[in-house]
Amino acid sequence: MEDFAHAMATFVRDHQSWAAPIVLLLAFGESLAFFSLLLPAWGALVAIGALIGVSGINFWPIWLAGSVGAALGDWVSYWFGFRYKEQVARMWPLSRYPELLPRGEVFVRKWGVPSIFIGRFFGPLRASVPLVAGIFEMPYWRFQVANFVSALVWAAALLLFGDVIAQIIEWIWRVV
């Protein structure tokens, strides 16, 4: 995972005009059900965030790209769950862990709209909560409002975390 994050950050550092599209795709993949298990994108997003202050990359387009990518990933996951309902349970990895969907349903029904916010910030839940919300038909507009607002906050948090870490490291190097 570190190699992937480092490779993405190096590419963005060397090709800053590609930063926004790359961040959009990484956030989309990180938020897309099933695919997110294969793509370790959050580390790359934090690493790209670390470049913001030290390389002069403009925060706003990167933040918007990350937000849109994350929201679109959740939107597709919601749609997939809504469209394929019971068939989703027969797909990997849910077919290997049949208890996940009932637990996900309890979580989404208990927490409602806040489950979208909670899920956005916890890796194992990030892509599965929207899928479950679609399967169990959370009202569409409630889901979308929570989806887009939480995507804005999540993208900012990851990118700013990376930026703050980079500033701390830079400060330490100056002091030492």
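Two bits of housekeeping. This is a predicted model, where local features need pLDDT of at least 70 and side-chain atom pairs count only at pLDDT 80 or more, while totals for chains, interfaces and linings use all residues. Residues are numbered from 1 along each chain as its sequence is written, and side-chain values use heavy atoms, with hydrogens and water left out.

Let's start with helix 1, residues 2-14. Helices here are DSSP runs of H or I, at least four residues, numbered from the N terminus. At 1.5 Å a residue, its 13 residues should span 18 Å, and the end C-alpha atoms are 18 Å apart, which agrees; that expected span is 1.5 Å times one less than the number of residues.

Which residues of helix 1 are buried? They are A5, A9 and V12, where buried means under 20% relative accessible area and exposed means over 50%, with partly exposed in between (1.4 Å probe, protein chains only). They cover an arc of only 65° around the axis, so they sit on the same side of helix 1; the arc is that of the directions from the helix axis to the C-beta atoms. The buried residues pack against helix 2 (19-31) and helix 3 (41-55), with contact meaning heavy atoms within 4.5 Å. On the face turned away from that buried side you'll find the exposed D3 and H6.

Now the arginine. R120 belongs to helix 6, residues 114-120, and is buried, with a relative accessible area of 0%. Leaving out residues up to four places away in sequence, R120 touches S31, A70, A71, D74, R126, N147, S150, A151 and W154.

On to pockets. On a 1 Å grid over the protein atoms alone, a pocket is an open set of points with protein on both sides within 12 Å along at least five of seven lines, and lining residues have an atom within 4 Å of a point. The largest pocket holds about 550 Å³ of space. Of its 26 lining residues, L37, L100, P124, L125 and S128 are the closest to the centre. Helix 5 gives the most to that lining, six residues.

The second largest pocket has a volume of about 320 Å³.

Note on methods:
Helix = DSSP H or I, 4+ residues; strand = E, 2+ residues; numbered from the N terminus. 1 Å grid on protein atoms, 1.4 Å probe; cavity = no way out; pocket = protein on both sides within 12 Å on 5 of 7 lines; lining within 4 Å. Points joined across faces, edges and corners; volume = space filled by probe spheres on them.
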